[in-house]
Amino acid sequence: MKYDVIVVGAGIAGPIVARNVAREGYSVLLVDKKPAIGAPKQCAEGINISIFERYGIPYDKRFINREIYGARIYSPSGYELEMKYKKVSGVILERKVFDKMLAFYAARSGADVLSRTEVEDVIRKNGKIIGVKAKHEGEPVEVYGTIIVAADGVESTIARKAGINTYAPPHEFDSAYEYEMLIDGFDPDLIHLWFGNDVAPRGYVWVFPKDEDRANVGIGINSDNPKTAKYYLDKWLKENNIPSKKLLEINVGVVPVGGFLKELAKENVIVVGDAARQVNPMHGGGMAEAMKAGTIASKWIVKALEEENLELLKNYTTEWWEKDGKRLERVLKIRKAVERLSDEDLDVFIEVLSGTDAEKIAEGNYTEVVKVLLKHPKVLMNARRISLLKELL
């Protein structure tokens, strides 16, 4: 088999690239190692409402569990910061359906799609990568392609085989553990987030409602923590008298929260999504970032094919770093500062901040927020807080 583009991995970024390139009339193969695309999920499943229009994705109730109107953040001592809107601000997806539908949109646009197809190596000729070796339903197969897209997750085989440096220290990853379970007592129109060094070191506990009494209840912590994410999640449930006897699903995963790849394209191979660590380091959300990167990558793949010039793929690296890489590095800077906050600091900041401030921080637009905090008496009376905030400026 021979294609213009081979996309390895049908999570979020892969199908976006496959759909966009196939729409332009090029031959595309999208492969995924899972028997059923989208399963198992490794995601809290929440995403901003804006992505549907921005990336041309139908607002299809088949993969939308619940519409969300904001968020409530809880400090270690119980201070609450609420962001509630009159209009829908986000949705809780059903990733098992959503991912499969993204692959369906790619197929409908002209791409070939093969599930249960695990890529094990690249094929080289005269030192250049010309295709991939895979197993489709256990049978060996070789596929040849002009451009190879590595959208194969955190431990990207393709990026590594292409000679792209994907190393990042363990501290740049979070360990996540999540129950889909029956739970009540929380406003089902909001997502809920708890912070604290004893609650979730470096991360947070989340409740993302999928029904009035059903939610994704999970946690993310630094992966080099001596205790497990499951330990902290079970501890939180017990301390809050939340029974964990109605568990519908358990999911475990690793989330990159730093270590962005400097080289996103090498010769005819490009890297997108989790494989490139294109994830927001503050909240660990990767779906929207994967869509952004996939859209940029698609543009340069099409241009490279149109002009028969693979050198143009390097512009993907340049554009992503200009548009998103610098922004995510600012968010990473905040994450590293937050790691050094005590529970008392978290109490003060959550008490003082507004919902708008929290949104700005999550997106990396924190300068104005820091300046406001530096004028607050509870900050001015603490030299360490002043020092931490000034580092961000």
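1. Let's start with Phe-52: with 5% relative accessibility, this residue counts as buried (buried is under 20% relative accessible area, exposed is over 50%, and partly exposed is in between, using a 1.4 Å probe and protein chains only). Keep in mind that this is a predicted model, where local features need pLDDT of at least 70, side-chain atom pairs count only at pLDDT 80 or more, and totals for chains, interfaces and linings use all residues. Residues are numbered from 1 along each chain as its sequence is written, and side-chain values use heavy atoms, with hydrogens and water left out.

2. Now for the rings. Rings of Phe, Tyr and Trp (its six-membered ring) pair if their centres lie within 6.5 Å; planes under 30 degrees apart are called stacked, over 60 edge-to-face, and the rest tilted. The count by this rule is 15 aromatic pairs. One of them is Phe-52 with Tyr-59, an edge-to-face pair with 5.0 Å centre to centre and 85 degrees between the planes. Tyr-59 is partly exposed, at a relative accessible area of 34%. Phe-104 and Tyr-105 make a tilted pair, because their planes sit at 50 degrees, with the ring centres 5.7 Å apart. Here Phe-104 is partly exposed at 33%, while Tyr-105 counts as buried at 8%.

3. Which residues form one aromatic cluster? They are Phe-52, Tyr-59, Phe-63 and Phe-98.

4. Why is α1 described as largely enclosed by the rest of the structure? Because 10 of its 11 residues are buried. Among them are Ala-13, Pro-15, Ile-16 and Arg-19. The cover over those buried residues includes β1 (2–8), β2, α3 (95–108), β11 (139–150) and α6 (287–307). After α1 comes Gly-25, with a positive phi near 95 degrees.

5. Lys-33 sits in the loop between β2 (28–31) and β3 (46–48). Lys-33 is exposed, at 57% relative accessible area. Leaving out neighbours within four places in sequence, Lys-33 is in contact (heavy atoms within 4.5 Å) with Arg-116, Thr-117 and Glu-118. How far apart are Lys-33 and Arg-23 in space? They are 24 Å apart, C-alpha to C-alpha, and 10 residues apart in sequence.

6. Over to strand β16, where you'll find Glu-249. Buried or exposed? Glu-249 counts as buried, at 15% relative accessibility. Its side chain makes a polar contact of 2.7 Å with the side chain of Lys-96 (a polar contact is a pair of N or O atoms within 3.5 Å; within protein, one must be able to donate a hydrogen and the other to accept it, and residues adjacent in sequence count only if both atoms are side-chain atoms). Another polar contact, of 3.2 Å, links the side chains of Glu-249 and Asn-251. Not counting residues up to four places away in sequence, Glu-249 touches Lys-41, Lys-96, Glu-178, Tyr-179 and Glu-180.

7. Leu-247 is also in β16, which covers residues 247–256, and Leu-247 is partly exposed at 33%.

Conventions: Helix = DSSP H or I, 4+ residues; strand = E, 2+ residues; numbered from the N terminus.
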